[in-house]
Structures are given as structure tokens and as C-alpha cells.
Amino acid sequence: MQQWLGYLELILDGAVLTVQLTVLGCALALFMAFVAGLARMSKFRILRILATTYIEFFRGTSIFVQLFWAYFVLPLAGIPVSPFIAGVLALGLNVGAYGAEVVRGAVQSIDKGQKEAGLALNLTPWQRMRHIILPQAVVVMLPTFGNNAIELLKGTAVVSLISLADMTFQSQVVRAQTGSTAMPFLTILVLYFAIAMVISTTVRTLEKRLSDGLDVTK
Amino acid sequence: MEWDWQFVIESLPTLWQGVVVTIQATALGSVLALTVGLFLAIMCRSPNWFISQCSKWFIEFVRGTPLLVQLYFLFYILPDVGILLSPLVAGVIGLGLHYGTYTAEVYRAGIDNIPKGQWEAAKAVNLTKSQTWKEIIIPQAIPPMIPALANYIIAMFKETPLLSAITVLELMNQARSLSNFHYRYLEPMTMVGVFFLLISIPSVIFLRRLEQRYARPHH
């Protein structure tokens with residue numbers, strides 16, 4: 001029993017890294033989603049092309065392939081990346097590309113009358129976006145963003161393959177040391193699921209709070 | 001580091017072997033995912049409370065945990081209970097179960113989207129339960145599902161590199177062994193990326209066509 005607690009501690013150390021990767025990855029993904037999603041609807045052709053290239057490029061391959069590329073190839077080009085940075089980059093850029101499409105879809109789903117009302121009130125394009133469109137669009141984005149965040153959490157497991165000591169990596173260590181397979185893998189499956197539940201509950205609470213006072217029919 | 005075309009050409013046959021395994025895994029995995037999803041969707045609709053709750057929680061759980069860990073689970077734990085699977089079979093089962101929980105949702109939504117009036121009309125003209133499913137519900141439910149199902153098959157294809165973690169010699173694994181052997185990472189890793197882009201970008205275009213073709217007509 002004492003021994004199991006020691007191994008559990010090892011896995012929990014990994015859980016901390018998994019959560020760090022998830023939080024930082026989500027922050028980068030959120031940023032990229034808005035930048036690329038809004039750029040995709042820009043009136044400047046060059047911005048639209050750049051955003052589309054980014055989105056299709058990162059959605060065309062998996063986090064795993066991108067992570068390996070970032071980890072093995074970027075240092076050759078003289079860009080030193082630690083495994084942790086490579087992980088955050090691959091996770092954030094990949095999920096951000098999916099998020100960009102969510103941002104675009106949500107902004108385009110807002111009734112045209114809203115934009116026209118903004119025009120009639122003489123708001124600048126930025127003011128229209130900031131005060132009229134986005135507050136309504138964010139509520140539409142949230143449920144899908146929640147799913148994307150869970151996909152990102154699941155994606156973090158691949159960093160164990162570039163020797164970053166996350167939860168999956170630690171469970172392999174425990175497996176190698178104890179020869180037991182069920183205990184480490186079942187433990188981390190439950191932990192991943194628990195983190196996923198926290199994400200989906202948080203997003204649902206946020207959704208309720210943000211849709212207060214908005215005319216959103218659900 | 002310079003791009004070495006000679007090395008690229010020399011490594012093509014090895015990478016091709018990996019491509020074949022990648023395609024096999026995707027094809028078998030899709031068949032399994034489409035079947036598993038259908039069963040899960042039917043079990044979710046079961047009148048038996050226990051069965052429907054169990055399948056709902058199974059779907060939630062599998063969707064909330066990483067495919068990589070599920071693969072480890074299948075690959076390392078099943079032999080302990082006496083089931084020996086080859087890496088490829090374990091990988092295909094992992095892919096099939098994981099994406100089966102996604103296709104289950106597509107089936108569920110597709111069936112739920114059939115207006116209630118269709119069920120009532122079938123009842124009114126005295127169709128049996130199996131006739132209702134076969135003649136009324138399924139023919140209407142399937143077409144709108146096709147783009148969503150295709151989307152998940154493409155997603156599964158992109159995730160096949162994970163099988164390399166359980167020693168399946170698919171494309172990513174071949175590229176890694178080439179890299180480690182020749183100590184050149186640039187070409188093999190880039191070629192894996194290019195291969196996936198070459199398949200998945202045309203697939204996205206194909207998917208948009210499917211969506212247009214099977215889009216629900218607006219009433």
C-alpha cells in the first residue's frame with residue numbers, strides 16, 4: 001500500500017505537467033483562434049490567404065506529426081526548442097487552427113441586422129466587432145471551444161513520446177518499475193477523464209454566465 | 001541543414017511500406033468505428049435504463065481520455081488477461097473503439113433529427129417496427145450523416161501515427177527508424193508531414209462537396 005502511494009505521487013507529478021501543458025496550450029490556441037479566425041474574414045486578401053494556409057496546414061496533420069517536426073527539425077534550423085516549448089507550440093497551433101474555424105463560424109452566424117444596426121449608429125468596424133458582434137459570438141463559440149480544450153488535453157499525452165514527464169510518461173515509468181499494467185494505466189485514464197470533466201463543467205458554467213441577458217435561444 | 005534529395009529517394013521504399021500499413025490501419029479502423037458506433041447508438045436508445053446509461057458513460061469516458069493511453073491499455077493489459085494481440089490488431093481495435101464513440105454521436109443525431117411525424121405516419125399506415133426503420137427512418141437518416149462520418153474517418157487517418165507508440169510499423173515509425181539510423185531528421189519527418197497534407201487537403205475539398213451534396217434541403 002505504502003508503495004502504491006509512492007507511485008501515485010509520481011503519477012500526480014506528471015498530472016501537474018499535463019495540466020500546465022493544457023493551460024498554456026489552450027491560451028495559445030485561444031489567441032491563434034481569434035487571430036486566424038478574424039484574419040480569415042479580413043478585407044485584405046493577403047491576411048485571408050495567410051490565415052487559410054495556417055488553418056489548412058495545421059488541420060492537415062496531427063499534433064503528433066507536428067510535435068515531432070517541431071522537436072527534431074526546428075533545432076536543425078537553429079531554433080532551439082525544449083520539449084516543453086515544442087509541446088505547447090504543437091498543441092496550441094494545432095488546436096488554434098480548429099478554433100479559428102469556430103470563431104469564423106460563430107461570427108458569421110450573428111444576425112446581419114446586428115452589423116447594420118452598428119453601421120447605423122456610426123460605430124467603427126473595430127467597435128462593431130468588439131461591442132456588438134463578439135459578445136454574442138463568444139456564447140456561440142463556447143461549447144465547441146470546450147470540446148476543443150478536451151481534444152487538446154487528450155493531445156498532451158503525445159508529449160510523453162518526446163520524453164517529457166507528463167502523466168502518460170510517468171505511468172510508463174511505473175509500469176516499467178512495477179511490472180503492473182492495470183494500476184498505472186487505469187489511474188491515468190481516470191485522471192484524464194476527471195480533468196476533462198472539470199473542463200466541460202467550467203465551460204458550461206461560463207456559458208450560462210455569458211449568455212445572461214443575451215437573446216440567445218437554446 | 002541541407003535538404004538531401006538523394007536520401008529522400010533512397011528512403012522512399014521504406015516509407016512506402018509504412019504508408020501501406022497506415023492505409024490498412026485506417027481502412028480496418030474505419031470499418032470497426034462505423035460498426036461500433038452503430039451498436040453504441042442503438043444501445044443508447046435501449047429502453048433498458050442500465051444498458052443505455054452504461055453506453056452513455058462508456059462514450060463519455062472514451063471521448064474524454066487520450067487515444068494513446070487507450071492504445072497502451074489494450075496493448076499492455078490484454079496480454080495480462082491472456083489475450084495476445086498483434087500490435088496492428090490492438091491498434092485497429094483502439095482506433096475503432098475511440099472513433100466508434102464519435103460516430104455513435106453522429107448516428108444518434110442523425111436518427112434524432114428525423115421529425116416525429118415520420119414515426120407517427122409510419123405507425124398510422126401500420127408499418128411494423130423493422131419496416132419503419134428500414135423503409136422510413138434509415139433512408140432519411142443516412143445521407144445527412146455521410147459528411148460527418150467522413151470527417152471522423154479523415155481524423156482517424158491523421159491519428160494513425162500514434163500506433164507507432166505500440167510498435168506498429170506504420171509510416172511514422174518507419175520515418176523514425178530511418179531518422180535514427182541515418183541520424184537525419186529533416187527529410188523523413190518532413191515527408192511524413194507532406195504525405196498527410198497530400199491526403200488530407202484533397203479530402204477536405206472532397207468533404208465540402210459531400211456536404212453540399214447531402215446538405216439537408218431547407219424547407
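1. Confidence. Chain B has a mean pLDDT of 92, and 98% of its residues reach 70 or more; pLDDT is the predictor's confidence in each residue, from 0 to 100. For the complex, the predictor gives an ipTM of 0.89 and a pTM of 0.90. This is a predicted model, in which local features need pLDDT of at least 70 and side-chain atom pairs count only at pLDDT 80 or more, while totals for chains, interfaces and linings use all residues. Residues are numbered from 1 along each chain as its sequence is written, and chains are lettered from A and ligands numbered from 1 in the order in which they are written.

2. Architecture of chain B. The secondary structure of chain B amounts to eight helices and zero strands, which gives the pattern α-α-α-α-α-α-α-α along the sequence. Helices (H or I, at least four residues) and strands (E, at least two) are DSSP runs, numbered from the N terminus. Along the principal axes, the C-alpha atoms of chain B fill a box of roughly 70 × 45 × 25 Å. Of the 219 residues of chain B, 36% count as buried. A residue is buried if 20 or more other C-beta atoms lie within 10 Å of its own, exposed if 12 or fewer, and partly exposed in between, with C-beta atoms placed from the backbone. Among the contacts in chain B with a separation of 6 or more, 76% come from residues 24 or more positions apart. Two residues are in contact if their C-beta atoms, placed from the backbone, lie within 7 Å.

3. H1 against H7 in chain B. The axes of helix H1 (residues 5-44) of chain B and helix H7 (residues 171-182) of chain B come within 7 Å and cross at roughly 150°. Axes are lines fitted to C-alpha atoms, for helices over the stretch in contact, and angles run from 0 to 180 degrees between N-to-C directions. H1(B) and H7(B) are therefore roughly antiparallel to each other; angles under 35 degrees count as roughly parallel, over 145 as roughly antiparallel, 65 to 115 as roughly perpendicular and the rest as oblique. H1(B) passes H7(B) in a right-handed crossing. A crossing is left-handed if the near helix is turned anticlockwise from the far one by less than a right angle, and right-handed if clockwise. Residues making this contact include Phe7(B), Ser11(B) and Leu15(B) of H1(B), and Leu171(B), Ala175(B) and Leu178(B) of H7(B). By class, the contact of H1(B) with H7(B) has six nonpolar, eight polar and no charged residues. Ala, Val, Leu, Ile, Met, Phe, Trp, Tyr, Cys and Pro count as nonpolar, Asp, Glu, Lys and Arg as charged, and the others, Gly among them, as polar.

4. H7 against H8 in chain B. H7(B) and H8(B) pack at about 165°, with their axes 9 Å apart, and are therefore roughly antiparallel to each other. Here too H7(B) passes H8(B) in a right-handed crossing. Among the residues in contact are Leu171(B), Met172(B) and Ala175(B) of H7(B), with Met189(B), Val192(B) and Phe195(B) of H8(B). The contact of H7(B) with H8(B) comprises nine nonpolar residues, one polar and no charged.

5. Most residues other than glycine have a negative phi. Phi of Asn126(B) is near 65°; Asn126(B) is found in the loop between helix H5 (116-124) and helix H6 (129-159) of chain B. Tyr183(B) has a positive phi of about 55° although it is not a glycine, and lies in the loop between H7 and H8 of chain B. Asn126(B) counts as exposed, with 7 C-beta neighbours inside 10 Å, and Tyr183(B) counts as exposed with 7 such neighbours.

6. The interface. How many residues of chain A are in contact with chain B? There are 27, and they meet 29 residues of chain B. Helices H2 (45-60), H3 (63-72), H6 (125-155), H7 (167-178) and H8 (182-210) of chain A each supply at least two residues of the side of chain A that touches chain B. The largest share, eight residues, comes from H8(A). By class, this side of chain A has 19 nonpolar, five polar and three charged residues.

7. Helix H3 of chain A. Nine of the ten residues of H3(A) are buried, so this helix is largely enclosed by the rest of the structure. The buried residues of H3(A) pack against H2, helix H4 (83-109) and H6 of chain A, together with H7 and helix H8 (186-214) of chain B.
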